[in-house]
Amino acid sequence: MTTSTSATASAAPPTPILELRGVCASYGRIEALRNLTLALYPGEIVSIIGANGAGKSTTLMTICNIVKATAGDIFYQGQRINGLSPDLLPPMGLCQVPEGRRIFPRLTVRENLEMGAFFRKDQDKIVFDMEEVFGLFPRLRERAGQAGGTLSGGEQQMLAIGRAIMSRPKVLLLDEPSLGLAPLVVAQIFEIIKEINRKDETTILLVEQNANLALRTASRGYVLETGQMVLEDEAGALLANPDIRKAYLGE
């Protein structure tokens, strides 16, 4: 008699859409990241928290090969991407919104958004996506013909996120989206971040100095200290962790 395979066998674990395995990076002789391991699964919002100088922004720049990994492997959709030119990553669906926005100040809002889709050929879908961005950020529609450099800080952050959306990212890397913004604007932007994740199923890796806000937005979180991951857990568990509350939540 043959034995049948159980129909209730546990399903295979999901495959990370983005994964770092033992990644190291340096600025000259200064080691910025040490043996960094991280996994991001499709549809998640995952946050990296840590003190200033912990290596949070360096992590995102290393993923995008702006800072070169000196050891370890970076995988995106199962493909090792170490060493790829940074400009090849947005067409693959991996896009970063850098700290400080870095919009094109002399271009109009509409032109900035068009730059996010410069590699795309599907013109009809580009028009559709432009309308989607204006739906998420009505203020940008009002300012469509205005130079990006004349916008407020909050409006520039909206524009930077909108420009990234125009690339149709599968994974969106957000670096300090609340930096320098008024609390009401921050709340608005983080609601839109969650909407992008819900509506488009965009996977998001969020680096954010405001640990409380970051963990309330994310499903999971990593804690980075002096270039090393020291803790990973569900966001709710990190919020309840007394050591995290003392170190990062001001308690």
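**From a loop to the helices**

Guide: Asn65 lies in the loop between α1 (56-63) and β4 (69-76), where the labels refer to DSSP runs numbered from the N terminus, a helix being a run of H or I with at least four residues and a strand a run of E with at least two. What you see is a predicted model, in which local features need pLDDT of at least 70 and side-chain atom pairs count only at pLDDT 80 or more, while totals for chains, interfaces and linings use all residues. Residues are numbered from 1 along each chain as its sequence is written, and side-chain values use heavy atoms, with hydrogens and water left out.

Although Asn65 is not a glycine, its phi is positive, at about 65°. With a relative accessibility of 3%, Asn65 counts as buried, a word that stands for under 20% relative accessible area, with exposed meaning over 50% and partly exposed in between, for a 1.4 Å probe and protein chains only.

Another loop, between β5 (79-80) and α2 (89-92), holds Ser85, which is partly exposed at 31% relative accessibility. The C-alpha atom of Ser85 is separated by 8.3 Å from that of Ile66, a residue 19 places away along the chain.

A further positive phi, of about 55°, belongs to Glu176, which is not a glycine. Glu176 sits in the loop between β7 (171-175) and α7 (183-200), and its relative accessibility of 7% makes it buried.

From α7 we can turn to its partner. The axes of helix α6 (residues 153-165) and α7 come within 10 Å and cross at roughly 10°; such axes are lines fitted to C-alpha atoms, for helices over the stretch in contact, and the angles run from 0 to 180 degrees between N-to-C directions. The two helices α6 and α7 are therefore roughly parallel to each other, as angles under 35 degrees count as roughly parallel, over 145 as roughly antiparallel, 65 to 115 as roughly perpendicular and the rest as oblique. On the α6 side, Gly154, Gln157, Met158, Ile161 and Ile165 meet Val185, Gln188, Ile189 and Ile196 of α7. Sorted by class, the residues of this contact between α6 and α7 are six nonpolar, three polar and no charged, where Ala, Val, Leu, Ile, Met, Phe, Trp, Tyr, Cys and Pro are nonpolar, Asp, Glu, Lys and Arg are charged, and the others, Gly among them, are polar.

Within helix α6, Met158 is buried at 4% relative accessibility. Its neighbours within four places in sequence aside, Met158 is in contact with Phe137, Arg139, Leu140, Gln188 and Ile189, contact meaning heavy atoms within 4.5 Å. Between the C-alpha atoms of Met158 and Val185 there are 9.7 Å, although 27 residues part them along the chain.

A second pair of helices crosses at another angle. The axes of helix α3 (residues 109-116) and helix α4 (residues 123-136) come within 11 Å and cross at roughly 125°, which makes α3 oblique to α4. In this crossing, Arg110, Leu113 and Glu114 of α3 meet Met130, Val133 and Phe134 of α4. By class, that contact of α3 with α4 consists of four nonpolar, no polar and two charged residues. Arg110, a residue of helix α3, is partly exposed at 37% relative accessibility, and when neighbours within four places in sequence are left aside, it is in contact with Met130, Phe134 and Ala144. Gly148, 38 residues from Arg110 in sequence, is 9.0 Å from it in space, C-alpha to C-alpha.

The structure holds one aromatic pair. Phe118 and Phe119 form this pair edge-to-face, with 5.6 Å from centre to centre and 90° between the planes; rings of Phe, Tyr and Trp (its six-membered ring) pair if their centres lie within 6.5 Å, and planes under 30 degrees apart count as stacked, over 60 as edge-to-face and the rest as tilted. Phe118 is exposed at 57% relative accessibility, whereas Phe119, at 22%, is partly exposed.

Not counting residues up to four places away in sequence, Ile244 touches Ile49, Val223, Leu231, Leu238 and Leu249.
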